Amino acid sequence: WQVTGVQTCALPIFMKKYICTVCEYIYDPAQGDPESGIEPGTAFEDIPDDWTCPLCGVGKEDFEPYEG
């Protein structure tokens with residue numbers, strides 16, 4: 001049998017926010033960091049390793065998952 005007229009939709013993948021442990025800047029994947037070339041929808045794990053916090057300049061190693 002064949003189903004017709006059924007639409008499929010991709011559920012959005014939940015991407016976790018991360019917080020800077022130095023200045024408390026929150027990286028939100030839905031917003032990205034366009035000023036640093038990080039497009040909206042970019043997961044924290046996919047940001048280049050040389051990316052730095054736009055507020056205080058520390059590296060990714062100083063961020064932790066945000067549970068807010």
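The model is predicted, so local features are reported only at pLDDT of at least 70 and side-chain atom pairs only at pLDDT 80 or more, while totals for chains, interfaces and linings use all residues. Residues are numbered from 1 along each chain as its sequence is written, and side-chain values rest on heavy atoms, with hydrogens and water left out.

**Overall fold**

- Along the sequence, the pattern reads β-β-β. Helices (H or I, at least four residues) and strands (E, at least two) are DSSP runs, numbered from the N terminus.
- The chain has 68 residues, and 29% of them are buried. Here buried means under 20% relative accessible area, exposed means over 50%, and partly exposed lies in between (1.4 Å probe, protein chains only).
- Among contacts with a separation of 6 or more, 47% join residues 24 or more positions apart. A contact means heavy atoms within 4.5 Å.
- The accessible surface of the chain is about 5300 Å², and carbon and sulfur atoms account for 50% of it. Accessible areas come from the Shrake-Rupley method with a 1.4 Å probe; for residues, only the protein chains shown count as cover.

- As background, nonpolar side chains tend to be buried together in soluble globular proteins.
- Setting aside residues up to four places away in sequence, F63 touches Y18, I19, C20, Y25, Y27, F44, W51, C53 and V58.

- C23 takes part in no disulfide, and the nearest cysteine sulfur, that of C53, is 3.6 Å away. C23 is partly exposed, at 28% relative accessibility.
- For C56, the closest cysteine sulfur belongs to C20 and is 3.7 Å away, which is too far for a bond. C56 is partly exposed, at 33% relative accessibility.

**Salt bridges**

- E67 pairs with K16, with the closest N and O atoms 3.7 Å apart. This pair links distant parts of the chain, because E67 sits in the segment after β3 (63-65) and K16 in the segment before β1, 51 residues apart. E67 is exposed at 66% relative accessibility, whereas K16 is partly exposed at 33%.
- D28 pairs with K17, and their closest N and O atoms are 3.9 Å apart. D28 belongs to the loop between β2 and β3 and K17 to the segment before β1, 11 residues apart. D28 is buried at 18% relative accessibility, and K17 is partly exposed at 34%.
- D49 pairs with K60, the closest N and O atoms being 3.8 Å apart. Both D49 and K60 lie in the loop between β2 and β3, so the pair ties together parts that are 11 residues apart in sequence. D49 is exposed at 70% relative accessibility, but K60 is buried at 13%.

**Two residues to look at**

- Which residue has a positive phi although it is not a glycine? That is E24, with a phi of about 70°. For context, most residues other than glycine have a negative phi.
- E24 is placed in the loop between β1 (18-20) and β2 (26-27), and E24 is exposed, with a relative accessible area of 61%.
- T42 lies in the loop between β2 and β3. Is T42 buried or exposed? T42 is buried, with a relative accessible area of 16%.
- A polar atom of the T42 side chain lies 2.7 Å from the backbone oxygen of E39.
- Beyond its neighbours within four places in sequence, T42 is in contact with M15, Y27, P29 and I47.

Key:
Disulfide = S-S within 2.5 Å. Salt bridge = Lys/Arg side-chain N within 4 Å of Asp/Glu carboxyl O. Polar contact = N/O pair within 3.5 Å; in protein donor to acceptor, adjacent residues only side chain to side chain.
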